[in-house]
Amino acid sequence: MSTSHTTASHAKKGEIFCQDESRVDWHSKALWALREKRDRAAGSLPEWEQLRQLGSELKLHTLTHLGQYLEEFEQNCQANGIQVHWAKDGVEHNQIVHKILAEKQVKKLVKSKSMLTEECHLNPYLESHGIEVIDTDLGERIIQLAKQPPSHIVVPAIHLKKEEVGDLFHDKLGTDAGASDPLYLTRAARAHLREQFLSADAAMTGVNMAIANKGAVVVCTNEGNADMGANLPKLQLHSMGIDKVVPDLDSAAVLLRTLARNATGQPVTTYSSFYRGPQADGEMHVIIVDNGRTKMLQDKILAEALKCIRCGGCLNTCPVYRRSGGYSYNYTIPGPIGIAVGSQHDATNSMPWACTLCGSCTHVCPTKVPLDKIIHHHRRLKAQAGQLPYGKSTYMPLVGNFMASETMLNCSMSVARTALRILPGALLKPFSGAWGKYRELPVAPNSSFEAWFNKNRGQ
Amino acid sequence: MKIALFIPCLVNQMMPHVGIATVELLEKLGHQVILPKGQTCCGQPMTNSGCFDEAKKTTLKLLNAFKGVECDAIVCPAASCLVAAKENFHEFDTSPEAQAVINKLYELTEFLHDVAPISAFNKPFNHKISLQLSCHGIRMLDLATPSEQMGPRTNKVEAVLKAIPNIEIVYPGRHDECCGFGGTFAIDEGAVSAKMGKDKAQAHAETGAKYAVGFDPSCLLHLDGMIRRQQLPIETLHIAQVINAAL
């Protein structure tokens with residue numbers, strides 16, 4: 001499977017993914033199973049839709065008072081003995097992290113899941129400065145060993161089958177050849193990771209929520225790897241986007257009730273850890289990153305994407321994501337939320353069109369991010385910037401004129417209907433493009449509805 | 001009631017039988033049906049590609065076809081086009097006259113459920129049908145509660161159809177997952193669109209129903225192309241055809 005984020009359009013990458021149909025079916029089914037678990041978990045709470053509304057409102061409130069809450073968070077962190085750093089972009093984030101680690105002569109960093117550090121490309125940066133980075137979430141470790149980026153924001157190795165993980169572990173961790181029993185492989189990974197935790201000089205985690213009035217960060221994992229990391233070495237770092245802050249514990253409680261339910265159907269993640277200060281004799285650093293977020297806040301429609309709590313529910317429900325895979329999007333974050341927050345980084349400009357505007361993501365979202373509206377808006381922004389993909393800038397003005405003229409539309413459609421009726425399919429197929437490649441052409445009627453109406457209802 | 005028909009380009013040019021069934025069923029229910037002239041397209045192919053400038057002329061042409069037309073309701077047998085018309089009319093014309101047109105717009109199922117319910121069907125429909133709950137109809141027009149949403153559930157499509165004697169209504173697996181048409185998506189993203197369509201067509205066929213029945217002609221056109229390519233033992237019908245057959 002291709003691991004590189006080369007610049008081909010989403011359609012091209014999706015077409016390549018679709019060549020192995022049984023794999024598409026397997027991928028789609030695995031992710032739909034998460035959606036079904038989510039439905040059961042959400043359905044078990046009579047107040048589910050109220051929680052979504054509350055989640056949406058509290059995130060919107062925080063985003064519209066962001067400066068105030070971030071400063072409150074910083075002050076309370078400092079009062080708790082936490083060192084707070086501000087990074088305007090990924091480069092600055094990586095430099096800050098490296099400086100903290102270099103001062104302590106850190107050779108090995110254990111990291112637990114953080115899409116932000118993926119977004120900032122932290123691992124290659126630190127590795128180029130001689131620091132070993134070990135991802136400790138099982139899925140993250142698998143793809144790190146396979147030298148692949150995550151294909152999903154919650155289940156990053158979902159694209160790999162257990163047999164492929166078995167082969168990888170045989171190669172990298174020395175497990176038995178051909179062994180693919182999940183329990184056996186997990187135990188091998190556990191033993192391997194335990195060594196890493198014990199020999200690490202520093203630990204780093206992402207942040208699910210930052211509590212402004214407590215000066216604390218919340219980290220949710222199922223494997224306890226964040227806690228194992230943060231509690232062993234004396235130096236702990238937490239990176240967060242500016243959008244992660246919430247006012248108080250009550251706000252965090254609302255989001256914690258929907259986060260895991262919407263992600264995997266669990267009532268709550270196994271570990272929801274609140275860190276509010278360094279260990280004795282230790283250091284705790286929080287790095288707050290902008291990296292384009294304040295720019296998004298300036299656009300009223302795009303701003304709502306910052307309500308996202310990264311549950312991955314929109315990926316699991318997305319019929320396009322499930323059938324095109326996480327690597328078909330030209331951004332670190334795939335799926336509907338990836339289109340919403342990453343379209344400006346896509347050199348092919350195709351991401352906003354990797355969507356049928358079905359709206360399922362918007363209805364699944366635990367904070368009511370209007371994803372279909374945001375994706376539609378991205379298309380408009382692309383058009384305004386003269387960056388339309390798939391030849392649209394050439395043919396759309398023609399379609400616009402064509403559709404606005406009854407004469408042109410009626411004449412040409414009359415010819416098209418006749419052609420569809422009298423010409424053999426084999427002759428038409430080469431001219432029918434992507435439609436005819438995959439589907440039969442429509443059976444054409446003799447005349448238009450309007451002609452029938454005028455004839456039979458005498459207008 | 002006096003009803004003005006909004007017949008989208010796809011129905012007018014390629015699926016006139018849907019329009020004909022709509023006229024016939026509305027007349028059987030005692031309504032007077034008119035067809036305002038000058039309708040071409042709602043502008044959706046352009047606005048869904050982000051091309052609002054290119055959509056303006058077409059959208060306003062459609063809006064102008066209905067402005068000042070004396071009628072009680074404007075009814076359309078295509079949910080997606082109706083949603084686009086509502087949004088695009090509002091986008092390009094914020095006048096009270098435009099709002100008056102928007103206020104009269106109804107999708108056919110919506111009209112038959114909310115405005116002028118059918119008191120009784122005269123004939124049975126002796127077949128099993130698999131309902132195609134298309135995305136824009138359920139998620140933007142509230143024709144049925146989408147599966148993602150929790151709490152009380154409604155389904156106007158089933159509510160209208162289940163009153164037909166002998167009809168048996170079933171649903172495909174992943175019953176409200178998108179069929180993959182998506183307008184230009186079907187062309188731009190041919191492979192992924194086709195896989196979605198194939199999965200949907202198979203899910204309908206697996207119910208053992210004789211017909212896959214829906215309210216959105218564009219989705220039905222896509223499904224029909226997939227069904228015939230896959231040679232599946234099922235056919236598509238628009239709800240207007242089913243209702244017309246039972247009146």
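Domain bounds here come from an automatic or database domain assignment. On that basis chain B is divided into domain 1 (2–115) and domain 2 (128–245), and 21 Å separate the centres of domain 1 of chain B and domain 2 of chain B, taken over C-alpha atoms.

The model is predicted: local features need pLDDT of at least 70 and side-chain atom pairs count only at pLDDT 80 or more, while totals for chains, interfaces and linings use all residues. Residues are numbered from 1 along each chain as its sequence is written, and chains are lettered from A and ligands numbered from 1 in the order in which they are written.

Two residues are in contact if their C-beta atoms, placed from the backbone, lie within 7 Å. By this criterion 25 residues of domain 1 of chain B are in contact with 23 residues of domain 2 of chain B. On the domain 1 side, the elements giving two or more residues are α1 (9–14), α2 (16–28), α3 (44–47), α5 (79–92) and α7 (108–115) of chain B. Helices (H or I, at least four residues) and strands (E, at least two) are DSSP runs, numbered from the N terminus. The largest share of that side, 6 residues, comes from α2(B).

Chain A is divided into domain 1 (43–294) and domain 2 (405–453), and the C-alpha centres of these two domains lie 55 Å apart. The C-alpha atoms of chain A fill a box of roughly 90 × 55 × 45 Å along the principal axes. Chain A has 24 helices and 10 strands. Of its contacts between residues at least 6 apart in sequence, 74% join residues at least 24 apart. Buried residues (20 or more other C-beta atoms within 10 Å of their own; exposed means 12 or fewer, partly exposed in between; C-beta atoms placed from the backbone) make up 47% of the 459 residues in chain A.

Helix α5 (residues 90–103) of chain A shows how burial is arranged locally. In α5(A), H93(A), N94(A), V97(A) and L101(A) are buried. They cover an arc of only 95° around the axis, so they fall on the same side of α5(A); the arc is that of the directions from the helix axis to the C-beta atoms. On the other side of α5(A), K99(A) and E103(A) are exposed. The cover over the buried residues of α5(A) includes β1 (83–87), β2 (108–111), α7 (122–128), β4 (202–205), β7 (235–241) and β10 (283–289) of chain A. Just after α5(A), Q105(A) takes a positive phi of about 50°.

Chain A also holds an open sheet of 4 strands in the order β8-β5-β6-β9, with mixed pairing. Two strands pair if DSSP finds at least two bridges between them. β8 (245–246) and β9 (271–275) of chain A stand at the edges with a single partner strand each, so one side of each has no neighbour in the sheet. Strands β5 (residues 209–211) and β6 (residues 216–221) of chain A run antiparallel and are joined by 3 bridges. M209(A) stands opposite V218(A) in β6(A).

Between the chains, 58 residues of chain A are in contact with 58 residues of chain B. Helix α20 (residues 392–403) of chain A gives the most to the chain A side, with 6 residues.
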